[in-house]
Amino acid sequence: MKHYSDVESIERDLKIFKLERDIAWEEIKAVKEEYKENLKPLNWVQSGLKFLGKYGLTVLLKKILTK
């Protein structure tokens, strides 16, 4: 536990803790927005199309190479 000798150091530490809390809160809000964006149906469709495109290309290459 930290022992303080004057009021200024207490106020300085309180200000630092408040700023750290504000930064953490903004990071939480950013993560929330990122998750909301990732859960949109359009993003799911785009991810599915990317996967199907890669899978289709793999199948096509296998057919070409096995003939």
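Predicted model: local features only at pLDDT ≥ 70, side-chain atom pairs only at ≥ 80, totals over all residues.
Modeller: Residues are numbered from 1 along each chain as its sequence is written, and side-chain values use heavy atoms, with hydrogens and water left out.

Colleague: How do I read an aromatic pair like that?

Modeller: Two values describe a pair of aromatic rings, namely the distance of the centres and the angle of the planes.

Colleague: Where do F51 and Y55 lie?

Modeller: Both belong to helix α2 (residues 41–66), 4 residues apart, which is about one turn of the helix. Helices (H or I, at least four residues) and strands (E, at least two) are DSSP runs, numbered from the N terminus.

Colleague: Is F51 buried or exposed?

Modeller: F51 is exposed, because its relative accessible area is 55%. The cut-offs are under 20% for buried and over 50% for exposed, with partly exposed in between (1.4 Å probe, protein chains only).

Colleague: How many salt bridges are there?

Modeller: The general idea is that side chains of opposite charge can pair when their charged atoms come close. The rule asks for a side-chain nitrogen of Lys or Arg within 4 Å of a carboxyl oxygen of Asp or Glu, and the count by this rule is 6. One of them joins E33 to K36, with the closest N and O atoms 3.6 Å apart. E33 and K36 sit 3 residues apart in helix α1, about one turn of the helix. Both ends are partly exposed, E33 at 46% and K36 also at 46%. Another salt bridge links the side chains of E37 and K40 at 3.3 Å, N to O. There E37 is partly exposed at 40%, and K40 is partly exposed at 42%. Salt bridges that share partners also join K2, R12 and D13 into one network.

Colleague: What should I look at around D13?

Modeller: D13 lies in helix α1 (residues 7–38). Its side chain meets that of R12 in a salt bridge of 3.6 Å, N to O. D13 counts as buried because its relative accessibility is 8%, whereas R12, at 47%, is partly exposed. Contact here means heavy atoms within 4.5 Å. Leaving out residues up to four places away in sequence, D13 touches K2 and Y4.

Colleague: What does the protein chain look like as a whole?

Modeller: Its secondary structure comes to 2 helices and 0 strands. The radius of gyration, taken over C-alpha atoms, is judged against a globule rule of 2.2 Å times the number of residues to the power 0.38. A compact globule of 67 residues would come near 11 Å, but the protein chain has 26 Å. Along the principal axes, the C-alpha atoms fill a box of roughly 85 × 25 × 15 Å. Of the 67 residues, 4% count as buried.

Colleague: How far apart in space are H3 and K63?

Modeller: They are 74 Å apart, C-alpha to C-alpha, and 60 residues apart in sequence. H3 belongs to the segment before α1, and H3 is exposed, with a relative accessible area of 72%.
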